[in-house]
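User: Hi, I have a protein open and want a quick tour. Can you walk me through it?
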Amino acid sequence: MDTEVGPLRSVLLHRPGDELKRLTPRNNDQLLFDSIPWVDRAQQEHDAFAAVLKERGVEVLLLADLLRETLADPRAHVAGVHTAVDSKRLGSDLADSLRSHLSGVGAAALTELLISGMTFEELPAAEGASLVRKMNHPHDFAVDPLPNLLFTRDSSVWIGDRVAISSLAMPARHRETALLDIIYAYHPRFHSSMRAYGAHSAPVEGGDVLLLAPGVLAVGIGERTTAAGAESLARSAFADGIAHTLLAVPIVQTRATMHLDTVCTMIGPDAVVMYPLARDSLAAYTLRPGDDGALRVDGPAPFLTAAAEAMGIDRLHVIDTGLDPVTAEREQWDDGNNTLALAPGVVVGYERNVETNARLEEAGIEVLRIAGSELGSGRGGPRCMSCPVAREPIPKNESKAHLRNANK
């Protein structure tokens, strides 16, 4: 898979579950949610999202199903238990007790615990005194829940024929990559999959990685992905022969622009939807392999210029989010730029971004609207909630976008 817009054939989603019920006003900031979602409605919205994809011929893989199937392998079960138990946090005696208990539970129960977490009052009955147990509130987490697992784009990303396990920056998300690592290592579907980059490298999150064109990556550097992470990914991708150019794109380090795909996503082979305030301010450093094996770093240059040059096109067409600054800012916050392309010129977007969707359709883009009033409470749109596993190459007759009203 080497583009963002080739016909989507298989995608990894996570249907939100009881992990969202762990969110409270006391912990939602720490767990990276802006509000407490209505879980039943979030599930309905996610089911509708999955249905839209299936209706367009996309195979939908659900992360919890894959994890449960994977944990049936004894090796994966041991690894899953290991990811749940933090001895430094629980102390050796309590950790040993929990590890022993989890070793005896089935794959379905372990899957639920790994995703939804466990409070101290839910721990197995104590066999001895534990200062850790006594000093923690019964509703404190002995195993943290993973409500952000909903955003499957971040924890892994496919580049070419390889999967890169991300290195997530925020403590609330550290265990997510361990679960993806187990799935890709032990699930029969992925047993022959090759790896690119490693979860133990410097921070890189999938929401910051755009596949601009075959061999060309753009990586946002900001709140979640570091310059060291982008450099590590470049070295890995160049060594594996799955990329020849990486654009490192600094972005403003705020909650509203946590990833590159919060301000810019691909809607066609040579077209993007972009937040207007980022259009002229985004710059890029161009990384390529040097003749002596070292990296060659050029720039910075304007992002749109550097991207077009790397992609071998005259220009990258842009559809702006909103006609005025206030509307653009509102719709950027509501993930108007965070679209998922199902094919060249066909995208999924949140229905509430009325202005952005209208501008896309005026430009000849088909917009499949989904509800996201509850799904968006964790700051993520259709692209954030999806990890494409397989895309077909872009048909030759669609190698260029023919957009109406772009760049006007």
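Analyst: Start with one term: buried means under 20% relative accessible area, exposed over 50%, and partly exposed in between (1.4 Å probe, protein chains only). This is a predicted model, where local features need pLDDT of at least 70, side-chain atom pairs count only at pLDDT 80 or more, and totals for chains, interfaces and linings use all residues. Residues are numbered from 1 along each chain as its sequence is written, and side-chain values use heavy atoms, with hydrogens and water left out.

User: Is cysteine 384 buried or exposed?
Analyst: Cysteine 384 counts as buried, because its relative accessibility is 3%.

User: How many disulfides are there?
Analyst: The structure has zero. A disulfide here is a pair of cysteine sulfur atoms within 2.5 Å.

User: How many helices and strands?
Analyst: The protein has 14 helices and 19 strands. These are DSSP runs, numbered from the N terminus: helices are H or I with at least four residues, strands E with at least two.

User: What box do the C-alpha atoms fill?
Analyst: Roughly 70 × 50 × 35 Å, along the principal axes.
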